[in-house]
Amino acid sequence: SRCKNPNLVPVVASLAVANLADESYTMDRTIVSDLLHAFDLTLNAEPYPPGSRFFGTPWKIALGISNVCRNETNRSYCRELKLAPLLHKGLSIALETGDSRLIRYSLLSLWRLTDVYINPK
């Protein structure tokens, strides 16, 4: 079936790409920004895109972000776009609600943002 809301097409496409990303895939900075914006709104229980009736699932977006963070350029974008405070917010919510998947993927993303992931000893 066709999507009846054309504003959702880029959102769904960026989430799909994020969930399939590996260390070789460099995303456009705008897509990474949109993904982090979607994560922020989802953590606030707000629809994305704003004004739609699409409510994301925090752990699913966090999973995509953890995959995006496998690539060095994408990690740089995530650092520039202040991903760490969003992940902290996600962890706080996850600890309150007991969402183990959100905890897992938020921590994985944080780990991938660090030099430990980049230069394991």
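**Entry 1: surface and burial**

I looked up the accessible surface of the chain first, and it comes to about 7,200 Å². Carbon and sulfur atoms hold 55% of that surface. The areas come from the Shrake-Rupley method with a 1.4 Å probe, and for residues only the protein chains shown count as cover. I note that this is a predicted model, where local features need pLDDT of at least 70, side-chain atom pairs count only at pLDDT 80 or more, and totals for chains, interfaces and linings use all residues. Residues are numbered from 1 along each chain as its sequence is written, and side-chain values use heavy atoms, with hydrogens and water left out.

Next I checked burial. The chain has 121 residues, and 38% of them count as buried. Buried means under 20% relative accessible area, exposed means over 50%, and partly exposed lies in between (1.4 Å probe, protein chains only).

**Entry 2: elements and contacts**

I found seven helices and zero strands. Helices (H or I, at least four residues) and strands (E, at least two) are DSSP runs, numbered from the N terminus.

I then looked at contacts, meaning heavy atoms within 4.5 Å. I took those between residues at least 6 apart in sequence, and 68% of them join residues at least 24 apart.

**Entry 3: salt bridges**

How many salt bridges does the structure hold? I found two. The term means a side-chain nitrogen of Lys or Arg within 4 Å of a carboxyl oxygen of Asp or Glu.

One joins the side chains of R29 and E80, at 3.0 Å from N to O. R29 is in helix 2 (residues 29–43) and E80 is in helix 4 (residues 72–80), 51 residues apart. R29 is partly exposed at 36% relative accessibility. E80 is also partly exposed, at 48%.

D40 pairs with K89, and their closest N and O atoms are 3.0 Å apart. D40 lies in helix 2 and K89 in helix 5 (residues 83–97), so this pair ties together parts 49 residues apart in sequence. D40 is partly exposed at 24%. K89 is partly exposed at 26%.

**Entry 4: the core**

I turned to the largest nonpolar core, which has 24 residues. Such a core is a set of buried Ala, Val, Leu, Ile, Met, Phe, Trp, Tyr and Cys residues joined through side-chain atoms within 4.5 Å. V32, F39, I65, C78, L83 and L102 touch the most other members. Which helix gives the most to this core? Helix 2 does, with seven residues.

Last, I followed C78. Leaving out residues up to four places away in sequence, C78 touches V32, L36, V68, C69, L83 and L113.
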